[in-house]
Amino acid sequence: MSRDKKLKIHQQSPVRAIESRAWIFLTKSKFGPSFASVKTDAADLLRAHGIQPSAQRIVIARYVLFTDEHPSADKVLARVRAGFPMISRATVYNTLNLFVEKGLLREQHLAPDSIVFDPRTDAHHHFVDEASGRIYDIDWRKVRVSNVESIDGFEVHDYQVVMRGRKKGRAKR
């Protein structure tokens, strides 16, 4: 892909333009642990959103911004710790909150007492598979909601539909 084409894609959707899903891993050397080379894609994305990149923020970004899952903070912590064992819970939580504040993630409350993070920041709906617990993104145009503006006593600024059920093709238990 040409540099001009990548730049154009980056301008349209910075999160989706980054193709790398590489991780930062600790390597052993005679001088102690060191970081494997860090590609600049996640660092550039963070800088573009006014976030000072650090090794911890980059490793979190490389997972949470490019997953099709809707991970909880604990899932992000577990996944990131697999390659970056010394990262703290506080660092993960603070980084996720910073990404939400800067518009890189959306915080979703799709179940009571459960917060997940969604790397898709465009308008879309969700389907929660009751059998697996997996959350699927549903294109905004696939669901029609009418008369939102006519709800008496409310000024609606944003909404989303959360559907629950089972994914078709799954055997009943």
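## Crossing handedness

A crossing of two helices counts as right-handed if the near helix is turned clockwise from the far one by less than a right angle. With that in hand, let's look at this predicted model, where α4 passes α5 in a right-handed crossing.

## Overall layout

The protein chain contains six helices and seven strands. Read from the N terminus, its elements follow the order α-α-β-β-α-α-α-α-β-β-β-β-β.

Of the chain's 173 residues, 32% count as buried. Looking at contacts between residues at least 6 apart in sequence, 49% join residues at least 24 apart.

## How α4 meets α5

Helix α4 spans residues 55-64 and helix α5 spans residues 73-81; the two pack at an angle of about 115°, and their axes lie 10 Å apart. That angle makes α4 roughly perpendicular to α5.

Which residues make the contact? From α4 come Val-59, Ile-60, Tyr-63 and Val-64, while α5 brings Lys-75, Val-76, Arg-79 and Val-80. By type, the residues of this contact comprise six nonpolar, two charged and no polar.

## The nonpolar core

The largest nonpolar core holds 26 residues, and those with the most contacts inside it are Ile-60, Val-64, Leu-65, Leu-96 and Phe-99. Two or more residues each are given to this core by α3 (40-48), α4, α5 and α6 (89-101). The biggest contribution is that of α4, with six residues.

Leaving aside residues up to four places away in sequence, Val-64 touches Pro-71, Val-76, Leu-96, Phe-99, Leu-105, Phe-117 and Pro-119. Val-64 also belongs to the contact of α4 with α5, as does Val-76.

Definitions and conventions:
Residues numbered from 1 in each chain as written. Predicted model: local features only at pLDDT ≥ 70, side-chain atom pairs only at ≥ 80, totals over all residues. Heavy atoms only, no water. Axes fitted to C-alpha atoms, helices over the stretch in contact; angles between N-to-C directions. Helix = DSSP H or I, 4+ residues; strand = E, 2+ residues; numbered from the N terminus. Parallel < 35°, antiparallel > 145°, perpendicular 65-115°, else oblique. Contact = heavy atoms within 4.5 Å. Nonpolar A, V, L, I, M, F, W, Y, C, P; charged D, E, K, R; others polar. Core = buried A, V, L, I, M, F, W, Y, C linked by side-chain atoms within 4.5 Å. Buried < 20%, exposed > 50% of the residue type's maximum accessible area, 1.4 Å probe, protein only.
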